[in-house]
2 protein chains.
Amino acid sequence: MVKLTTHDRAAALAAGLDAFWQWGFHGTSMKDLERATGMHPGSIYAAFGSKRGFYVAALDRYTEDVLADLRRHASEAASPIEGLAGFVEAVALDEDRSARSCMLVKTLLEHGEGDETLRRSAESGIAAIETEIGNNLRRAQQRGEASASLEVEHAARRIQLNIMGLRSFACRPGANESVALMAHDIASEIRKLKQVPS
Amino acid sequence: MVKLTTHDRAAALAAGLDAFWQWGFHGTSMKDLERATGMHPGSIYAAFGSKRGFYVAALDRYTEDVLADLRRHASEAASPIEGLAGFVEAVALDEDRSARSCMLVKTLLEHGEGDETLRRSAESGIAAIETEIGNNLRRAQQRGEASASLEVEHAARRIQLNIMGLRSFACRPGANESVALMAHDIASEIRKLKQVPS
DNA sequence: TTGCATCTTGAGCAATCACTCAAGCATTCC
DNA sequence: GGAATGCTTGAGTGATTGCTCAAGATGCAA
């Protein structure tokens with residue numbers, strides 16, 4: 001591993017992530033990555049070790065981006081549950097990325113059987129996001145926004161399943177309008193958690 | 001295109017589907033397909049034209065399998081909505097395939113950008129399944145099982161999004177128990193469509 | 001048995017794959 | 001200025017990719 005000086009490591013990761021996101025791991029060649037990053041093969045290997053190492057680093061960056069996005073929505077919204085609902089609704093609004101699946105799901109499906117390293121890398125990212133969703137729900141409970149009897153982990157998993165489905169659904173050619181509808185549906189299901197049962 | 005005699009075309013498709021399902025389009029080499037089908041390269045090209053042609057044929061077969069499964073559940077269940085609910089619950093029970101994503105979603109995500117042929121092939125399969133779900137809902141309306149005011153296409157899309165999410169979720173390593181829980185959740189959401197509003 | 005048509009075979013094609021490494025270059029230190 | 005250090009470079013590695021096609025095997029009719 002070598003510290004990038006001339007070529008900024010963060011920029012390389014962003015460019016690499018973009019390429020992998022478009023074409024997947026097997027569909028992206030080192031030539032593609034050279035073009036995308038503007039780096040030469042030697043530099044890529046010096047910085048990331050291997051194509052797989054590059055992919056894992058890009059995937060980690062993706063996970064951090066999603067977590068940051070989630071926290072941003074949580075902090076800017078009126079309440080934790082509104083934060084989650086807003087996060088889901090934003091999927092339909094992000095023009096650049098709305099037609100792209102969740103990179104973690106993409107990884108999981110591409111390497112469903114086989115590459116254990118990438119699979120585990122994806123799983124840990126998914127688990128981190130699930131935990132963050134759970135944290136928001138717990139915060140909602142503390143505020144009295146959600147029922148204390150809510151099974152947080154179960155609800156968090158259900159929300160994440162919805163997001164996974166939504167982002168996969170969004171890859172369908174020409175699905176823009178219905179993605180917005182579905183996102184709204186899911187958001188209002190999340191808002192139903194506000195109602196505290198007796 | 002040549003009629004397979006020695007090598008049964010259906011068996012070749014099943015074996016090819018299995019390989020593509022495990023490793024994806026780019027992750028499966030012709031060598032892998034030769035091993036999986038027991039065919040020699042020349043025969044594969046005579047029968048399917050190209051690797052892509054083989055993939056499309058296998059994907060079509062997959063779609064037909066899913067549709068047949070959906071219809072089987074519909075005909076064996078007590079009612080159309082029970083048929084849909086049972087179809088979803090069965091995802092968690094199928095031991096062989098429960099750890100596998102929906103092949104159509106896998107195709108959509110792998111070729112999200114790029115291969116238009118495969119993308120369109122996946123989209124038409126997804127649309128066919130959505131239509132079949134819609135047919136079941138319409139049948140439920142005719143029987144008075146579901147409200148006449150139910151927006152069939154919207155509900156069908158929502159159900160399919162849930163199934164997409166569920167099957168992706170099922171790829172997570174060691175998710176078996178929670179997949180069953182999620183499947184049950186989704187099934188009971190489908191059953192709520194039974195309640196006819198005033 | 002012979003002649004013809006069809007099917008099967010697998011060695012081999014050019015292209016591409018992930019990856020390496022010796023040489024060139026720039027910078028930094030004394 | 002000169003030596004040392006370490007990053008950058010890209011031609012080149014052997015392996016593998018999707019795919020072809022001439023030659024051999026096979027079946028059938030006469």
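Across the interface of chain A and chain B the rule finds eight salt bridges, a salt bridge being a side-chain nitrogen of Lys or Arg within 4 Å of a carboxyl oxygen of Asp or Glu. The structure is a predicted model, in which local features need pLDDT of at least 70 and side-chain atom pairs count only at pLDDT 80 or more, whereas totals for chains, interfaces and linings use all residues. Residues are numbered from 1 along each chain as its sequence is written, chains are lettered from A and ligands numbered from 1 in the order in which they are written, and side-chain values use heavy atoms, with hydrogens and water left out.

**Interface of chain A and chain B**

- On the side of chain A that touches chain B, the elements giving two or more residues are α1, α6 (103-110), α7 (116-143), α8 (152-169) and α9 (176-191) of chain A, and the largest share, 11 residues, comes from α8(A).
- By class, that side of chain A divides into 15 nonpolar, 10 polar and 12 charged residues, where Ala, Val, Leu, Ile, Met, Phe, Trp, Tyr, Cys and Pro count as nonpolar, Asp, Glu, Lys and Arg as charged, and the others, Gly among them, as polar.
- Chain A and chain B each bring 37 residues to the contact, with contact meaning heavy atoms within 4.5 Å.
- The area buried between the two chains is about 3600 Å², of which carbon and sulfur atoms give 60%; buried area is the accessible area (1.4 Å probe) that two parts lose on being put together, summed over both.
- In chain A, the residues that lose the most area to chain B are A:Leu109, A:Glu113 and A:Arg172, which together account for 20% of what that side buries.

**Domains of chain A**

- Chain A is divided into domain 1 (1-49) and domain 2 (56-194), with bounds that come from an automatic or database domain assignment.
- The centres of domain 1 and domain 2 of chain A, taken over C-alpha atoms, are separated by 27 Å, and the contact takes 14 residues from domain 1 and 12 residues from domain 2.
- These two domains of chain A bury about 1200 Å² between them, 67% of it on carbon and sulfur atoms, and A:Leu13, A:Leu17 and A:Trp21 supply 59% of the area that domain 1 buries against domain 2, more than any other three residues.
- The count between the two domains of chain A is one salt bridge, and the side chains of A:Asp18 and A:Arg100 meet in a salt bridge at 3.1 Å, N to O.
- Helix α1 (residues 9-27) of chain A gives the most to the side of domain 1 that touches domain 2, with 13 residues, and by class that side has nine nonpolar, three polar and two charged residues.

**Overall build of chain A**

- The secondary structure of chain A comes to nine helices and zero strands, helices (H or I, at least four residues) and strands (E, at least two) being DSSP runs numbered from the N terminus.
- The C-alpha atoms of chain A fill a box of roughly 65 × 35 × 35 Å along the principal axes.
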